[in-house]
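Subject: Structure handover and notes

Dear colleague,

I am handing over the structure we spoke about, and my notes on it follow directly below. Please read them with the sequence and the model open beside you.

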Amino acid sequence: YIPNSIYGDKIFELRAFKVGDGLGIITSDITERIASEKELKLSRDIAQAFLMSDDEDLFDEILRIILDNTKSKYGVFGYIDENGANVVPSMSRHIWNECQVSDKKTVFPCREWGESSWPTALREKRTIVINEASKLTPKGHVTIERHISMPLIYEDEVVGLFQVANTEDVYDEKQVRTLQDIALRVAPFLYGRLQRSRAEHARDSALVQIETLNEDLESKVESRTKELKDAQEELSRKERLAALGQLSASVGHELRNPLGAIKNGIYFLKMVLDHPEPDVLETLTILDQEIENSEEIIRSLLDFTKPKEPVLQKINLNDTITAALERIEVPLNISVKTEFSSILPVLLGDSHQLERVFTNLITNAYQAMTNEGILSLVTTVEDNGDVIAIVSDTGVGISKENLAKLFQPLFTTKARGIGLGLSIVESLIEAHGGSIKVDSEEGKGTSFRVIFPSQKTGR
Ligand SMILES: Nc1ncnc2c1ncn2[C@@H]1O[C@H](COP(=O)(O)OP(=O)(O)OP(=O)(O)O)[C@@H](O)[C@H]1O
Ligand SMILES: [Mg+2]
């Protein structure tokens, strides 16, 4: 066995064999063969590195290849991410261990690149070889005696960075060429890998977008469904009201006549009984009162089901509320506070109907304050010209459940209530183009807010 011999740049293979008594020797120049074997191995190593599943392994392996082939002590292998940042998953372990830079980074966003050789190499797409100690390394960084910074380029796009540093000797053309060889092989793999991760990224963000759109759609469907349901409920409420209207109008009429007859009968009895026994007189009085109550109920029903067109006059809401207040006796232990705006615009409204609105609200307020309390009546003008009247009490308040049913006809929680008061209030206010809102807290009190929009006010 004769080992290969090196003469200058050439490598020779010597083969000896026996010829007769002597020795024959064949010398062949195998420089090329060795070189292509080396290249083949390099290509295979690189391809194998890219087949590795783990990113960290991949970058470590390529870094090992460039350090070995350039006989460098330190090195860095980075890639350019979709935001243009230089990401270095891998720095030679020596650097990590010896480097004393306070915050060791692996991601270098474009705007923080600075002016040292690697950013210049990336920006100008050229290899930079410096055979003297670097003065631009940050404080605490390992000393860089000499180094090469080489951009990895594929189809004119910078896809990554090789940096090797600190060979024993200077970096010469041969090492640059070796590094370039590796760069040429690595660049397409790196490019493919980056494209793939970009595509994955795009797909992920598209998925997120679709998800948000979906959620959006769902909530739209939900709110439309609710609107539809509300509209349906409103419609069936109106239908029920119409039916109730017809029924009560006819019942009311039918009842009016017999009631009238009973009333006349009582009147007659009172006349003919000269000195009735006290309990007979009491019974007659009770009958009278109950007929009065019945007539009131019929009036309410008819008012509600067949509301008269409001007769519009110029009115002052403060006067209307005062008139309503005076109509009803203030119960014991209840005090009344008023806070009327002195600059209320004149309102076009039906004074009788609006008085009815406030007597109903005030009656409810009194009834809600069983022991004692304060009824407060406020009028104001909003900046936009709306006229507001607020009727509030410190009574029992209304449960959440009941709040929703408040304005439904025949909804009542009272033993002797009909449950038409608020229905009448609402329809009268709506006939005036206004609206009513309620705010209540159980055990604390209730506040009704009547709003007359400014266009309905005459100034
Ligand atoms: N100020 C208030 N505080 C507490 N609950 C109230 C108040 N106003 C109304 N309510 C509740 O709303 C229900 C309906 O009121 P509404 O005025 O329509 O009917 P009612 O007072 O029960 O009977 P009526 O037809 O005699 O007025 C009441 O039974 C009561 O439960
Ligand atoms: Mg009432």
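To begin with the aromatic residues, F59, F77, Y79 and F162 are linked into a cluster by ring pairs. Please bear in mind throughout that this is a predicted model, in which eight aromatic pairs are found altogether. One of these pairs joins F108 and W118 in an edge-to-face arrangement, with 5.6 Å from centre to centre and 65° between the planes. Because F108 belongs to strand β6 (residues 107-108) and W118 to helix α4 (residues 117-124), the pair ties together parts that are 10 residues apart in sequence. Both F108 and W118 are buried.

As for confidence, the protein chain has a mean pLDDT of 87, and 96% of its residues reach 70 or more. The lowest confidence in the chain is that of helix α3 (residues 93-98), with a mean of 68, whereas strand β14 (residues 387-393) has the highest, at 98. Where pLDDT is low, the predicted coordinates should not be read in detail, and I would ask you to keep that caution in mind while you look through the model.

The next part concerns the ligand. Around ligand 1 there are 19 residues, of which N364, T412, T413, K414 and L420 come nearest. The side chain of N364 places an N or O atom 2.8 Å from an oxygen atom of ligand 1. Backbone atoms take part as well: a polar backbone atom of G419 is 2.9 Å from an oxygen atom of the ligand, and a polar backbone atom of L422 is 2.8 Å from an oxygen atom of the ligand. Ligand 1 exposes 590 Å² when taken alone, and the protein buries 89% of that area. Which elements give two or more residues to the shell around ligand 1? They are α8 (351-368), α10 (421-431) and β16 (445-452), and the largest share, three residues, comes from α8. By type, the shell around ligand 1 divides into nine nonpolar residues, eight polar ones and two charged ones.

Strand β16, which is among the elements that contribute to this shell, also holds F448. Since its relative accessibility is 6%, and the cut-off for a buried residue is under 20%, F448 counts as buried. Between F448 and D172 there are 276 residues of separation in sequence, and their C-alpha atoms are 92 Å apart in space.

Two loop positions remain to be described. S341 sits in the loop between β11 (334-339) and β12 (347-349), and, with a relative accessible area of 13%, S341 is buried. A polar atom in the side chain of S341 lies 3.2 Å from the backbone nitrogen of I343. The other position is G385, which is found in the loop between β13 (373-381) and β14. Is G385 buried or exposed? Its relative accessibility is 4%, so G385 counts as buried. Although G385 and P453 are 68 residues apart along the chain, their C-alpha atoms are separated by 7.2 Å.

With kind regards,
A colleague

Notes: Residues numbered from 1 in each chain as written. Chains lettered and ligands numbered in written order. Predicted model: local features only at pLDDT ≥ 70, side-chain atom pairs only at ≥ 80, totals over all residues. Heavy atoms only, no water. Near = heavy atom within 4 Å. Polar contact = N/O pair within 3.5 Å; in protein donor to acceptor, adjacent residues only side chain to side chain. Areas by Shrake-Rupley, 256 points an atom, 1.4 Å probe, with all protein chains shown as cover. Helix = DSSP H or I, 4+ residues; strand = E, 2+ residues; numbered from the N terminus. Nonpolar A, V, L, I, M, F, W, Y, C, P; charged D, E, K, R; others polar. pLDDT = per-residue confidence, 0-100. Phe/Tyr/Trp six-rings, centres within 6.5 Å; stacked < 30°, edge-to-face > 60°. Buried < 20%, exposed > 50% of the residue type's maximum accessible area, 1.4 Å probe, protein only.
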